[in-house]
Amino acid sequence: MTSSPQLTRRGLGAAAVLGAAAVPLAPAVAAPAKGGHHGGDLDTQVEERLAAMSTEQKIGQLFIAVGYGATVDEAREENTTSAGVASTAEIISTHHVGGLIAFAWSGNVDSIEAAAGWTAGAQRAAAEAGEVPLMIGIDEERGVVKRLPAPATALPGAMALGASRSEVHARKAARITADELAAVGFTQNYAPICDVNVNAQNPVIGVRSVGANPELVADLASAQLREAQKRGISATVKHFPGHGDTATDSHVGLPVIDHSREELDEIDLPPFRRAVEDGVDAIMTAHIVVPALDDSGVPATLSHPILTGVLREEIGFEGVIVTDSLAMEGVRTMFGDDRVPVEAILAGADQMLMPPDLAVAIGGVRAAVESGEITAERLDASVRRILRQKARRGLLDGAPEVDPGRAERELGCRDALRTAERIAGDAATLLVEGSALPLRRGASVIVLGAGSAAVQDALVTALEDRGLEASRGAAADAAGADLVVALTSSSSFVTPAAQVTAVKEAAATGTPVLHASLRNPYDVVHVGEVDTSIALYSDALCSLRALAGIVVGRVSPAGRLPVAIPTADGTGEAFAYGAGLG
């Protein structure tokens, strides 16, 4: 399936993508990680480790597994189903995996103390089994993809950074995230995103992307990856060769990107080229078909012309290529679960993320190695890259020391929260400006629309902290209030009908309506006439507090759109790239 032509770069016009470009930043090389090795010393360390490994251990290094449970010794049925053993510790000792990935749904991050105990326990299990220290990763993009629970600092995410146009904010956000991950024992972050979001209908990227300008995406993504790696966390840019112009979610289908080679070079590939120039540790593949690069119909994750031809040989990337989750439908449409990792390795990938059945996947690779389809030299090449990544982050010297009892106290510090709120205010984008703001002290406000009760209550509290009388309510409660704050939140271009109805019913009461979009900024063209409309790109507490500051005139919404907003029918442009009245 291809994206709607009205909502692609071509439909919106090249100026929407390339206009109002940020001033390019001078490339920089990430500083060596603390405790890491470089040059000949690193190479010697890697080769010694490689020479001491069995074939089974080498194969295991190619896999990043999910381990279910709050502790590594907890026996869970899901582990038996997905890996053939009862606990995370057994996954490590039996399958010799190169790393783990943590999720709330797998029970690893129920609290900060529990998460730190899980990472420490996993490294201890690897040491006791005589395995190489683990690369323990997490999807901590912040914004809408945030795995660590409170008190981890909630940041407004990539598109908010794009709206701020600030490399300083990008670096500070990455610093906060990296320091908090390190405190909990994580060593790799599957972020930042390098996708250039030029399709308003994109259901899976959206605000996870910096925006629609390739240069801006490259600038801010590279600022983040350099800062993360400087602070000892491996960065992983994604999703190569670019997931920004698709109307299909690769979790449930196989998207097709119909860009020409010229458009790929102009739009999709520049942020990845910059990331390689700036020394990114790892690049994650996309489960997307890109006919201009490979007309065979296989997804990029399994494509030799894309991973080896473009990423390795043309762009010159020498680090670790990690697949996106192999449990996603976008990579399971052509091959069985035993064959998918073999095809990925033959295409040029090094590490297989989250196979749906770890034992089956490892068995498939083992059979290919035994038959010679995957040669010993090819296997060693991937393991060598993985070991080099670990050596650069100091892991071959031993796992990082983590104190679960102290970890929570190192997250969500006052300076981090202030920085998050400053970023949110500089990102907030004023799209429609009326006469209702600012409100005087003691004015009454009704909050309604999208967002959980917790989100709405947090906004009510933030408004009360600014001296206003605020409460949650419905459109019927709007009459007599001084202002209605109507929230919307869409994951694609179309705003849910119930949210649109709530905004319109509130406006019909005659009370001024401040509309605030908590996710994609496109909602403004669907909600009808309102007094004021602001794009926040986030429902994080920092964004809600920034919104409260805007209501009373204490915060100036300084953001500019990092994407263009089409008209509601998709036939034209309602707001240009760079628009913003603040």
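1. Glu-373 is partly exposed, with 35% relative accessible area; the label covers values between buried (under 20%) and exposed (over 50%), found with a 1.4 Å probe on protein chains only. Its salt-bridge partner is Arg-339, at 2.4 Å from N to O. A salt bridge here is a side-chain nitrogen of Lys or Arg within 4 Å of a carboxyl oxygen of Asp or Glu. Arg-339 sits in the loop between strand 7 and helix 14, and Glu-373 in the loop between helix 15 (358-371) and helix 16, so the bridge ties together parts 34 residues apart in sequence. Arg-339 also counts as partly exposed, because its relative accessibility is 26%.

2. The model is predicted: local features need pLDDT of at least 70, side-chain atom pairs count only at pLDDT 80 or more, and totals for chains, interfaces and linings use all residues. Residues are numbered from 1 along each chain as its sequence is written, and side-chain values use heavy atoms, with hydrogens and water left out. Helices (H or I, at least four residues) and strands (E, at least two) are DSSP runs numbered from the N terminus.

3. How many salt bridges are there by this rule? The count comes to 37. One of them joins Lys-58 to Asp-380, with the closest N and O atoms 2.9 Å apart. This pair links distant parts of the chain, since Lys-58 is in helix 4 (residues 55-61) and Asp-380 in helix 16 (residues 376-392), 322 residues apart. Both Lys-58 and Asp-380 are buried.

4. Two further cases can be checked by eye. Glu-78 pairs with Arg-76 in a salt bridge whose closest N and O atoms are 3.1 Å apart, and Glu-78 is partly exposed at 32% relative accessible area. Elsewhere, salt bridges link Asp-139, Glu-141, Arg-147, Arg-208 and Lys-238 in a network.

5. Side chains of opposite charge can pair when their charged atoms come close. Which residue is buried yet has no salt bridge? That residue is Asp-324, and the nearest side chain of opposite charge, Lys-238, is 6.6 Å away. Asp-324 lies in the loop between strand 7 (320-322) and helix 14 (340-347). Leaving aside neighbours within four places in sequence, Asp-324 is in contact (heavy atoms within 4.5 Å) with His-239, Met-284, Thr-285, His-287 and Leu-353.

6. Helix 14 also packs against helix 13. The axes of helix 13 (residues 304-314) and helix 14 come within 7 Å and cross at roughly 30°. Axes are lines fitted to C-alpha atoms, for helices over the stretch in contact, and angles run from 0 to 180 degrees between N-to-C directions. The two helices are therefore roughly parallel to each other, a label for angles under 35 degrees. His-304, Leu-307 and Thr-308 in helix 13 meet Ala-344, Leu-346 and Ala-347 in helix 14.

7. Ala-65, in strand 1 (residues 63-66), counts as buried at 3% relative accessibility. Not counting residues up to four places away in sequence, Ala-65 touches Ile-91, Val-97, Gly-99, Leu-100, Ile-101 and Leu-358.

8. Thr-495 lies in the loop between strand 12 (483-488) and helix 20 (497-508) and counts as buried at 5% relative accessibility. With residues up to four places away left out, Thr-495 touches Thr-488, Ser-490, Val-500, Asp-523 and His-526.

Technical notes:
Lys and Arg count as positive and Asp and Glu as negative; His and the chain ends are not counted. Angles under 35 degrees count as roughly parallel, over 145 as roughly antiparallel, 65 to 115 as roughly perpendicular and the rest as oblique.
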